[in-house]
Amino acid sequence: MFALPLIFFLNLLSTPGDAELVERLKRRDPKALGQLYDRFGRVAYSVIVRMVRDASIAEDLVQETFLRVWTRIGSLDTQKGSIGVWLVTIARNRALDYLRSAAARERHAPDLEKIERPSLYQDLENDILRSDSSRRVKSAMEKLSPNQRQVIEFAYFEGLSQSDMAERMGQPLGTVKTWVRAALNVLRSEMGVAAP
Amino acid sequence: MNCEELRDHYDLYALGIAEEPECSEIAAHLERGCEACRKGVQKAIELSALLASTAPAAEPSAGLRRRILASAGVETRRFPWAPVWAAAAAFALVAAVYFGFEYQRAGEEALRLESQLRQEHGEVARLNEALAIISGPNTQETDFSAGQPRPPRGKVFVNPGQGVLLIASNLAPAPLGKLYEMWVIPKTGKPAPAGLFQSEANGTAIHIQRGAVDVAATAAVAVTLESEQGAAQPTSQPLIVAQLSRPAGGR
């Protein structure tokens, strides 16, 4: 089931045809949604199934993801919007939303919808998800210490806050914060992504 | 808090794991158009997106694409039962009224299906559309069960302003690579394609073709089995033919 590297699919995440596809989605071109799925469906599913670890639930969440993109595409800038990054963010957020209990959501989880605002997805690096970037992020992950790698996985695939990680790992919150900060710095440095 | 104090939290915000008060502060900065925070969060989003590539590649089922397109109303190929009680109630109503007479256990079946109503969107709107067509003042209703030598059975509702609704039972799911295609057949001229659909495993199907219909100029609504891509003109014998014998507004 996990035979192909995700890098293969991430190659498809940013192509010169993005603007045209966004334009067609906005025009409600019936074939555009199918093409959007062909481009990003496997990526969205791969991320979500890694998070929820249930194929059936993952498919439901992928469906939610595409419907959300379909209904909100009007807000994405046709020329400057990065539909691939936006869609992957929405996919991950759907899985996060599923993973979080109502209590957890109430306690500390931010409003994920705010992170999905289309205006945040314009003027991104066009080739942020190009294949060599994907290879380099995997390589960068290998340079992290086991604890650093663990907190990044907790953060990305389980959506744990630093407090949750500290509790899960039985470590002081300050230690976890140090690991998270160091891990992000390593990844950013290895990937050549500018610091915020 | 100022932007400098929030810088270290942009990554956590982009990952959806920022805690308070920083989370609300960043959201507030973005809300009021703070350019420094917007750029910072965008850089964080780029890094976050890269982490997607660390997930092992996995393959969804072959039917997911079709399910998504159908639920978006782009192609009505399968009837994806909706996730909310409103959909359950709407479905129970449709099923009880239009299948119930022929199948006494349809109500029980609808209740059983309620348990499946999770995580899917779009169907409520589709059922509302169906109910709007059924209850429309100028809707013409045609039973295509009568005179059929064999199943499928069911009804077609044609509303001049809203479109065509087909409800069928005893319609076995189309085989792999095939789908059902509905046709609006004018009194003169060629049949017009009216959308592809698939029936459920239990043989039921609901298909809506939206848009205006010239009822007076329409002779019949028909269904044929076609390739998955659909056909411009029917290529097989009709499985369903509903003759529109009564004038519009005849309900």
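Three residues, Ala44(A), Ile48(A) and Val41(B), touch the most other members of the largest nonpolar core, which has 81 residues. Helix H3 of chain A (residues 30-52) gives the most to this core, with 12 residues. A nonpolar core here is a set of buried Ala, Val, Leu, Ile, Met, Phe, Trp, Tyr and Cys residues joined through C-beta atoms within 7 Å. Buried means that 20 or more other C-beta atoms lie within 10 Å of the residue's own.

The model is predicted: local features need pLDDT of at least 70, side-chain atom pairs need pLDDT 80 or more, and totals for chains, interfaces and linings use all residues. Residues are numbered from 1 along each chain as its sequence is written, and chains are lettered from A in the order in which they are written.

A second, separate core has 37 residues, including Ile133(B) and Val223(B).

Helix H4(A) packs against helix H5(B). Helices are DSSP runs of H or I, at least four residues, numbered from the N terminus.

| Helix | Residues | Contact residues |
|---|---|---|
| H4(A) | 55-72 | Glu59(A), Val62(A), Gln63(A), Phe66(A), Leu67(A) |
| H5(B) | 64-71 | Leu64(B), Arg67(B), Ile68(B), Ser71(B) |

Contact means C-beta atoms, placed from the backbone, within 7 Å. The axes, lines fitted to C-alpha atoms over the stretch in contact, lie 10 Å apart at an angle of about 40 degrees.

Buried residues make up 47% of the 251 residues in chain B.

Conventions: Axes fitted to C-alpha atoms, helices over the stretch in contact; angles between N-to-C directions. Helix = DSSP H or I, 4+ residues; strand = E, 2+ residues; numbered from the N terminus. Contact = placed C-beta atoms within 7 Å. Buried ≥ 20, exposed ≤ 12 C-beta atoms within 10 Å, placed from the backbone.
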